[in-house]
Amino acid sequence: MLIDVQRAIGGKMLAADVFETDNGFLVNEVNGQPEFRSSHGEITGVDIAGKIVEMAWTLAKKGDEDDF
């Protein structure tokens, strides 16, 4: 579902607010400038900030300004 959101909106990094409903998941909001207030590894099990830094370094090494 989130891959479909990214394809529809574009961009390299998005954050989506997703609700679980009786009918499945519902995307409530998509942000191009995500916040990490409640996304630290203790809750998600993923170092999201670390993943973003890795992605930024990968894009920087490619040297393509269109990726930013």
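# Chat on a predicted α-β-β-α-α chain

Author: From the N terminus on, the protein chain runs α-β-β-α-α. The model is predicted.

Reader: How many helices and strands is that?

Author: Three helices and two strands.

Reader: What is the mean pLDDT?

Author: The protein chain has a mean pLDDT of 83. Of its residues, 84% reach 70 or more.

Reader: Where is confidence lowest, and where is it highest?

Author: Helix α2, residues 41-44, is lowest, with a mean of 71. Strand β2 is highest, at 93.

Reader: OK, the strands. How many bridges join β1 to β2?

Author: Seven. The two strands run antiparallel, and β2 covers residues 24-31. β1 spans residues 15-21.

Reader: What do β1 and β2 form, and how many residues are between them?

Author: A hairpin, with two residues between the strands.

Reader: What share of the residues is buried?

Author: Buried residues are 10% of the 68 in the protein chain.

Reader: Is Ala-16 buried, exposed or partly exposed?

Author: Partly exposed, with a relative accessible area of 32%.

Reader: How far is Ala-16 from Gln-6?

Author: The C-alpha atoms are 9.6 Å apart. In sequence, Ala-16 and Gln-6 are ten residues apart.

Reader: Glu-29 came up. Which strand is it in?

Author: Glu-29 is in β2.

Reader: What does Glu-29 touch?

Author: Ala-15, Ala-16 and Asp-17, again not counting residues up to four places away.

Reader: How far apart are Glu-29 and Asp-17?

Author: 5.1 Å, C-alpha to C-alpha, with twelve residues of sequence separation.

Reader: Why does Glu-29 count as partly exposed?

Author: Because its relative accessibility is 37%. That falls between the 20% and 50% cut-offs.

Reader: Now charges. How many salt bridges are in the whole structure?

Author: One. Asp-4 forms it with Arg-7.

Reader: What's the distance between the closest N and O atoms?

Author: 4.0 Å.

Reader: Why would such side chains pair?

Author: Side chains of opposite charge can do so when their charged atoms come close.

Reader: Where do Asp-4 and Arg-7 lie?

Author: Both are in helix α1, residues 2-9. They are three residues apart, about one turn of the helix.

Reader: Is Arg-7 buried or exposed?

Author: Exposed, because Arg-7 has 64% relative accessibility. The cut-off for exposed is over 50%.

Reader: Last topic, the loop between α1 and β1. Which residue can you place there?

Author: Gly-11 is one of them. Gly-11 counts as partly exposed, at 46% relative accessibility.

Reader: How far is Gly-11 from Gly-32?

Author: 7.5 Å in space, C-alpha to C-alpha. In sequence Gly-11 and Gly-32 are 21 residues apart.

Definitions and conventions:
Residues numbered from 1 in each chain as written. Predicted model: local features only at pLDDT ≥ 70, side-chain atom pairs only at ≥ 80, totals over all residues. Heavy atoms only, no water. Helix = DSSP H or I, 4+ residues; strand = E, 2+ residues; numbered from the N terminus. Buried < 20%, exposed > 50% of the residue type's maximum accessible area, 1.4 Å probe, protein only. Pairing = 2+ DSSP bridges. pLDDT = per-residue confidence, 0-100. Salt bridge = Lys/Arg side-chain N within 4 Å of Asp/Glu carboxyl O. Contact = heavy atoms within 4.5 Å.
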